[in-house]
Each structure stands twice: as C-alpha cells, then as structure tokens.
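Please look through the sequence and the model first.

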Amino acid sequence: MSAGFDDKAGIVKCTTEWGSWYQTIEDVTAEVHVPLITKSRDVKIKILPSSISCAISGKEIFSGKLYSGVVCDESTWTLEDHENDIKIVRIFLVKGNKSPQSCWASFLIDKYSADFVTLDNMQKKILQERYQRENPGFDFSQAEVSGNYQGGGPMLS
C-alpha cells in the first residue's frame with residue numbers, strides 16, 4: 001500500500017492491487033479498476049452490515065469482513081468510465097459509526113491496510129473534516145495538523 005494525497009478532491013487514498021479505497025467521517029469508498037468492456041451485469045457486489053464481496057465476470061476481487069460496520073440500505077455501487085482505457089466500480093459504503101473516532105485502518109479485517117503514513121494522513125483529513133463541520137465559517141482545507149489528532153482529535157467541550 002502506498003500513501004497518496006489527492007489535494008483536488010481532499011481525500012487520502014490507500015492503493016491496493018485492485019484499485020484504492022478512501023474515507024470521510026461518514027463513508028468509505030472503494031474504487032475497483034475493471035476492463036473497459038465490463039458491463040454492469042458482470043459486476044456482483046454483496047454488501048452486508050459487517051462484510052462485503054466483489055466479483056467481476058465471475059472472478060472474486062475481494063471478500064471478507066469489513067473493518068467496521070456499515071449501513072447496507074444506504075450503501076451502493078456504480079460502474080463508471082475512467083481515464084486510461086479502464087472503468088471503475090465505485091463502491092460507496094455508509095459507515096455505521098459516523099464519528100471522527102471511526103477512522104478505518106484497513107478496508108477489510110487484516111486486508112488492504114493503510115500503511116502508517118497513509119493512515120496518519122487519513123486521520124488528519126478526518127480531523128480537518130470534523131473542524132470544518134464544527135466551524136462552518138472557516139476553511140481548514142490548508143491547515144497543518146499536528147499533535148493529538150489520532151482517534152478524531154481532542155474532545156472539546
């Protein structure tokens with residue numbers, strides 16, 4: 001896995017052999033790279049509260065227990081055209097725990113873990129998102145985050 005910081009979209013991606021995944025306070029998104037000829041009927045995705053499976057044209061891409069629970073009825077997927085002659089299956093998972101403390105360290109339990117730098121950047125980005133929500137009149141997008149930011153940062157009262 002490698003650290004990647006997407007300034008334009010404000011997300012920190014964790015790269016995998018099948019694509020990447022990233023998160024916000026409220027959701028986790030997986031982007032699975034698939035061949036350009038892929039049709040929606042070729043995509044089989046099963047989202048359960050604590051597990052997920054993804055197969056493309058009968059080939060399992062991943063399957064297992066999610067790092068944390070999701071709200072299945074609000075989670076979905078799309079098949080999208082993408083650059084470089086590929087398509088992307090974008091899987092949008094709504095977190096069951098939508099708090100700043102709910103930063104996922106991996107996509108599945110013991111699989112697709114964010115390395116230390118990526119996880120550190122994810123936690124910082126989630127803290128910036130938290131501060132932005134708590135202070136809507138301010139722009140925290142370029143803020144430098146240091147100190148106590150793991151686990152959603154300090155609890156302010």
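How many helices and strands are there in the protein chain? There are one helix and eleven strands.

## Overall make-up

The model is a predicted one. Read along the sequence, the protein chain follows the pattern β-β-β-β-β-β-β-β-β-β-β-α. The protein chain has 157 residues, and 40% of them count as buried.

## The sheet of S5, S6 and S7

Strands of a sheet pair through backbone hydrogen bonds, and the pairing can be parallel or antiparallel. Here, three strands form an open sheet in the order S5-S6-S7, with antiparallel pairing. Strand S5 (43–47) and strand S7 (59–65) are the edge strands, as each pairs on one side only.

Strand S6 covers residues 51–56, and six bridges join S6 to S7. These two strands run antiparallel. Across this pairing, Ser 51 stands opposite Lys 65 in S7.

Strand S7 also holds Ile 61. Is Ile 61 buried, partly exposed or exposed? Ile 61 counts as partly exposed, because its relative accessibility is 22% and the buried class ends under 20%. Ile 61 and Val 32 are 29 residues apart in sequence, and their C-alpha atoms are 8.5 Å apart in space.

Strand S2 (11–15) and strand S3 (residues 19–23) pair in the antiparallel sense over two bridges. In this pairing, Cys 14 has Trp 21 in S3 as its bridge partner. A hairpin joins S2 to S3 through three residues.

Thr 16 is found in the loop between S2 and S3. Thr 16 has a relative accessible area of 10%, so this residue is buried; the cut-off for buried is under 20%. A polar atom of the Thr 16 side chain lies 3.3 Å from the backbone nitrogen of Trp 18.

## A threonine between S4 and S5

Another loop lies between strand S4 (27–35) and S5, and Thr 38 has its place there. Why does Thr 38 count as buried? Thr 38 counts as buried because its relative accessibility is 2%, and buried means under 20%.

Which backbone atom does the side chain of Thr 38 reach? The side chain of Thr 38 reaches the backbone oxygen of Pro 35, at 2.8 Å.

## The cavity

Rolling a probe the size of a water molecule over the atoms shows where empty space is left. For this model the count comes to one cavity of 30 Å³ or more. The largest cavity has a volume of about 30 Å³.

Which residues line the largest cavity? The lining is made of Gly 10, Ile 11, Val 12, Gln 23, Met 122 and Lys 125. Two elements give two or more residues to this lining, namely strand S2 (11–15) and helix H1 (116–134). By type, the lining residues divide into three nonpolar, two polar and one charged.

Technical notes. Residues are numbered from 1 along each chain as its sequence is written. This is a predicted model: local features need pLDDT of at least 70, side-chain atom pairs count only at pLDDT 80 or more; totals for chains, interfaces and linings use all residues. Side-chain values use heavy atoms; hydrogens and water are left out. On a 1 Å grid over the protein atoms alone, a cavity is a set of points where a 1.4 Å probe fits but cannot get out, and a pocket is an open set with protein on both sides within 12 Å along at least five of seven lines; lining residues have an atom within 4 Å of a point. Grid points are joined across faces, edges and corners, and a volume is the space filled by probe spheres set on the points. Helices (H or I, at least four residues) and strands (E, at least two) are DSSP runs, numbered from the N terminus. Ala, Val, Leu, Ile, Met, Phe, Trp, Tyr, Cys and Pro count as nonpolar, Asp, Glu, Lys and Arg as charged, and the others, Gly among them, as polar. Two strands pair if DSSP finds at least two bridges between them. Buried means under 20% relative accessible area, exposed over 50%, partly exposed in between (1.4 Å probe, protein chains only). A polar contact is a pair of N or O atoms within 3.5 Å; within protein, one must be able to donate a hydrogen and the other to accept it, and residues adjacent in sequence count only if both atoms are side-chain atoms.
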